[in-house]
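Please have the sequence and the 3D view open while reading.

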Amino acid sequence: MEKWWKNSIIYQIYPRSFCDSNGDGIGDIPGIISKIPYLHSLGIDAIWLSPVYKSPDCDNGYDISDYRDINPDFGTMEDMDLLIKTAREAGIWIIMDLVINHTSDQHEWFRKAVQGDPKYRDYYIFQKGKNGKKPNNWGSFFGSDVWEKVPLEDDLYYLHLFDKRQPDLNWKNPEVYKEVCDIMRFWLDKGIKGFRCDVINVIYKNSLADGKKRLALTGLEHYLSTDGNHEILRGLRHDVLDEYDAFTVGETVMVDTKEAMKLSGSDRKELDTVFGFTHMECDQIGVKWFKTKYKPEKLIKALDTWQKEVEWPSVYFENHDQPRSISRFGDPKHFHKESAKMLAGLLLTLRGTCFIYEGEEIGMTNCDFAGMEEIEDVESHTIFNKMTELCFPEKLKWKLIKQTSRDNARTPMQWEGETKDGKKNPGAGFTTGTPWLKINKNYKWINVQDEERDNGSILEFYKQMIGIRHHEKALTFGGYRKVDSAPGIYVFNRGEGDDKLTVICNMTEHEHDMPHIAGINNKETLICNYDDKAEKLRPYEFMILK
Ligand code: TEU
Ligand code: CA
């Protein structure tokens with residue numbers, strides 16, 4: 001029997017920004033429960049819930065202080081149990097975020113470790129300084145170094161690959177492994193169906209030696225996809241996950257298709273699939289802060305490589321760490337509907353498990369932030385300070401942050417343009433209070449309420465596409481083959497023989513000649529993002545032929 005997650009569409013919820021039920025400006029679990037009918041009508045099969053665990057929120061929940069408790073901003077454990085139950089009744093599984101590279105510095109383990117308890121010292125990575133300096137030259141994901149001094153101790157540091165309030169766990173310690181197994185069982189026993197595993201290929205550090213100098217992430221050769229890391233993944237699967245038929249998707253940084261296969265090939269028995277980043281890097285030079293002009297050919301090439309070389313890919317264009325896809329790969333100004341629908345069509349016809357991020361289904365865009373005072377994201381602030389240190393000009397600093405900040409994806413979900421009785425609605429149906437992060441002012445014309453009223457909307461297109469995805473077996477289980485075509489035009493076949501579908505995607509804002517496809521005139525159009533037919537391929541035109 002095929003695994004359930006192969007034919008599933010997974011919808012990512014960023015709880016802080018999804019729906020606020022009590023007017024405190026922060027999205028919460030009762031808010032999510034109230035939107036289960038909406039998610040059901042969209043047709044999705046599972047929710048990936050970004051962290052809802054107890055957390056001081058330095059990195060919006062990716063700093064966990066208690067893995068068995070719920071952040072009071074989001075609700076209670078009773079709310080969580082009810083969410084799992086309500087979702088299940090609507091045929092929706094819950095996948096939770098598993099953040100086990102690090103904990104919060106407020107976690108009991110870390111607090112005991114800092115107080116000198118030897119058992120918990122060994123849960124983290126403490127190290128003496130070297131010749132009056134930090135233990136090594138590694139650089140963190142957020143742009144700082146990776147060592148923080150332990151207060152009241154002489155020359156002792158702890159390691160953090162992310163913020164200093166996110167100390168890394170010591171995966172060489174079998175006790176840590178046991179603790180995590182117990183935590184996973186705790187949640188699986190509640191009826192959740194798997195995990196999205198945060199930065200899962202960096203958890204095992206081989207050594208703490210100096211790294212070869214790099215522009216970013218000096219030291220990564222000592223911890224990226226190590227053998228020890230692979231062994232842990234096999235262990236977790238064998239010791240816990242298999243018993244529950246649970247699904248795992250790894251967020252795996254800096255991997256190529258070869259490494260992706262080592263992490264997720266079915267014979268390896270590690271993860272089920274991974275999020276690669278190759279296609280997210282197609283509009284940048286070196287690090288993500290330096291964006292370059294987007295060329296659709298590059299995106300096509302990245303997608304094609306993963307489609308061909310990875311046994312079971314994850315397909316995504318957005319998540320809570322990336323700017324909005326329509327602002328990167330589409331044209332929200334001139335072709336909002338067309339380009340959003342084209343991206344929807346592409347997302348849902350590629351091979352693999354598909355992920356939709358909240359708001360993507362209505363074409364939400366990057367936000368018109370006015371300055372750093374409107375930015376919350378810890379990474380953006382760390383990088384901004386770093387650029388100040390390096391004397392970057394003010395204008396340039398802001399330009400880089402504005403186009404790349406993770407907050408672009410984190411602005412509240414735009415539910416309603418106006419209230420039910422036609423009044424102004426500054427909370428966009430997300431909150432009746434003051435939202436924790438600015439609401440994009442385009443909520444007045446980009447919102448769920450309007451999209452639901454319009455048959456030709458982006459949202460309706462998503463629903464149709466999800467229906468097609470579920471119905472046409474070729475899209476899930478069929479092969480993939482790219483067809484040669486002009487630059488910026490992505491054409492590929494899914495499936496074989498009578499069951500073959502051809503997907504045509506104009507990823508540019510220009511009109512093009514129709515690609516040459518054998519027997520094109522005898523084919524039926526399953527779906528198209530334009531209402532009428534034309535000789536030429538119009539800007540961002542998308543279609544599936546059968
Ligand atoms: O992200 C890890 C990651 O490598 C990046 O995508 C990261 O967000 C950053 O942009 C690097 O430049 C995961 C989570 O998705 C992210 O939200 C967390 O902040 C991070 O891990 C730490 O837990
Ligand atoms: Ca709330």
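Which residue in β8 is the bridge partner of lysine 128? The bridge partner is leucine 156. The model is a predicted one, and every value below is computed from it.

**The three-stranded sheet**

Three strands make up an open sheet with antiparallel pairing, ordered β6-β8-β7. The edges are taken by β6 (126-128) and β7 (147-149); each has a single partner strand, so one side of each is left without a neighbour in the sheet. From one strand to the next the twist averages 40 degrees.

β6 is joined to strand β8 (residues 156-159) by 3 bridges, and the two run antiparallel. Besides the pair of lysine 128 and leucine 156, phenylalanine 126 is found opposite tyrosine 158 of β8. On the other flank, β7 and β8 also run antiparallel and are joined by 3 bridges. Here tyrosine 157 in β8 is the bridge partner of lysine 149.

β8 is covered on both faces. Leu156 and Tyr158 point to one side, Tyr157 and Leu159 to the other, and all of them are buried.

β7 and β8 form a hairpin with 6 residues between the strands, in which leucine 152 takes a positive phi near 65 degrees. Aspartate 155 is also placed in the loop between β7 and β8. Its phi is positive as well, about 60 degrees, although aspartate 155 is not a glycine.

**The eight-stranded sheet**

A second open sheet has 8 strands with parallel pairing, in the order β11-β10-β9-β5-β2-β1-β15-β14. Its edge strands are β11 (273-275) and β14 (314-315), each of which pairs on one side only.

Within this sheet, strand β9 (residues 194-197) pairs with strand β10 (residues 247-251) in the parallel sense over 4 bridges. Glycine 194 faces phenylalanine 247 of β10. Helix α6 (residues 174-189) lies across β5 (93-98) and β9, and runs at about 135 degrees to β9.

The loop between β9 and α7 (227-244) contains valine 199. This residue has a positive phi of about 30 degrees although it is not a glycine. Most residues other than glycine have a negative phi. Valine 199 counts as buried, because its relative accessibility is 3%.

**The hairpin of β16 and β17**

Strand β16 (residues 480-483) pairs with strand β17 (residues 489-494) in the antiparallel sense over 4 bridges. In this pairing, arginine 481 stands opposite asparagine 493 of β17. The two strands form a hairpin with 5 residues between them, and glycine 488 in the turn has a positive phi of about 85 degrees.

| Residue | Phi |
|---|---|
| Leucine 152 | near 65 degrees |
| Aspartate 155 | about 60 degrees |
| Valine 199 | about 30 degrees |
| Glycine 488 | about 85 degrees |

**Helices α8 and α9, and serine 264**

Two packed helices are described by the angle between their axes and the distance between the axes. For α8 and helix α9 (residues 296-309), the axes come within 10 Å and cross at roughly 40 degrees. That angle makes α8 oblique to α9. The crossing of the two helices is right-handed. Where do they meet? Thr257, Ala260 and Met261 in α8 meet Thr305, Trp306 and Glu309 in α9.

Serine 264 belongs to helix α8 (residues 257-264). At 4% relative accessibility, serine 264 counts as buried. Its side chain reaches the backbone oxygen of alanine 260 at 2.8 Å. Alanine 260 is also one of the α8 residues that meet α9.

Which residues does serine 264 contact when its neighbours within four places in sequence are left aside? The contacts are with Leu271, Asp272, Thr273 and Val274. The edge strand β11 spans 273-275.

Methods: Residues are numbered from 1 along each chain as its sequence is written. Chains are lettered from A and ligands numbered from 1 in the order in which they are written. This is a predicted model: local features need pLDDT of at least 70, side-chain atom pairs count only at pLDDT 80 or more; totals for chains, interfaces and linings use all residues. Side-chain values use heavy atoms; hydrogens and water are left out. Two strands pair if DSSP finds at least two bridges between them. Buried means under 20% relative accessible area, exposed over 50%, partly exposed in between (1.4 Å probe, protein chains only). Contact means heavy atoms within 4.5 Å. A polar contact is a pair of N or O atoms within 3.5 Å; within protein, one must be able to donate a hydrogen and the other to accept it, and residues adjacent in sequence count only if both atoms are side-chain atoms. Axes are lines fitted to C-alpha atoms, for helices over the stretch in contact, and angles run from 0 to 180 degrees between N-to-C directions. Angles under 35 degrees count as roughly parallel, over 145 as roughly antiparallel, 65 to 115 as roughly perpendicular and the rest as oblique. A crossing is left-handed if the near helix is turned anticlockwise from the far one by less than a right angle, and right-handed if clockwise.
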